[in-house]
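Please look at the model below with its helices and their packing in mind.

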Amino acid sequence: MVRTPLTPEERERGERLGRLLRTARGERSMVEIAGVAGISAETLRKIETGRAPTPAFFTVAALAGALGLSMDELATLCVPAPA
């Protein structure tokens, strides 16, 4: 199965999500947050660095819960501001 390449907008949205999650994590370790979310630290690392710009919905929801963020907050903050 060949995956369709991501658009620049999709890549930017993934990078924005990664920055937001990294900021929300603060001083807590990746291992701690990943454990609470039920994902691997490597998956969290990939999301935070933008190497996994389109994580699954349930992964994002689990991270939001582990970080005390609402999905509404994430959606609002990950959408680019109108030009």
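Leu63 is in contact (heavy atoms within 4.5 Å) with Leu21, Ile33, Ala37, Ile39, Leu44 and Ile47, leaving aside its neighbours within four places in sequence. This is a predicted model, in which local features need pLDDT of at least 70 and side-chain atom pairs count only at pLDDT 80 or more, while totals for chains, interfaces and linings use all residues. Residues are numbered from 1 along each chain as its sequence is written, and side-chain values use heavy atoms, with hydrogens and water left out.

Leu63 is also among the residues with the most contacts inside the largest nonpolar core, together with Leu17, Leu21, Leu44 and Leu74, and this core has 18 residues. A nonpolar core is a set of buried Ala, Val, Leu, Ile, Met, Phe, Trp, Tyr and Cys residues joined through side-chain atoms within 4.5 Å, where buried means under 20% relative accessible area with a 1.4 Å probe, protein chains only. The helices (DSSP runs of H or I, at least four residues, numbered from the N terminus) H1, H2, H3, H4 and H5 each supply at least two residues of this core, and H4 gives the most, with 5 residues.

H2 and H4 pack against each other, and the contact is made by these residues:

| Helix | Range | Residues in the contact |
|---|---|---|
| H2 | residues 30-37 | Ile33, Val36, Ala37 |
| H4 | residues 57-67 | Ala62, Leu63, Ala66, Leu67 |

Arg25, placed in helix H1 (residues 8-25), is buried, with a relative accessible area of 8%. Leaving aside its neighbours within four places in sequence, Arg25 is in contact with Met30, Ile33, Leu44, Glu48 and Leu67.

Technical notes
Buried < 20%, exposed > 50% of the residue type's maximum accessible area, 1.4 Å probe, protein only. Axes fitted to C-alpha atoms, helices over the stretch in contact; angles between N-to-C directions.
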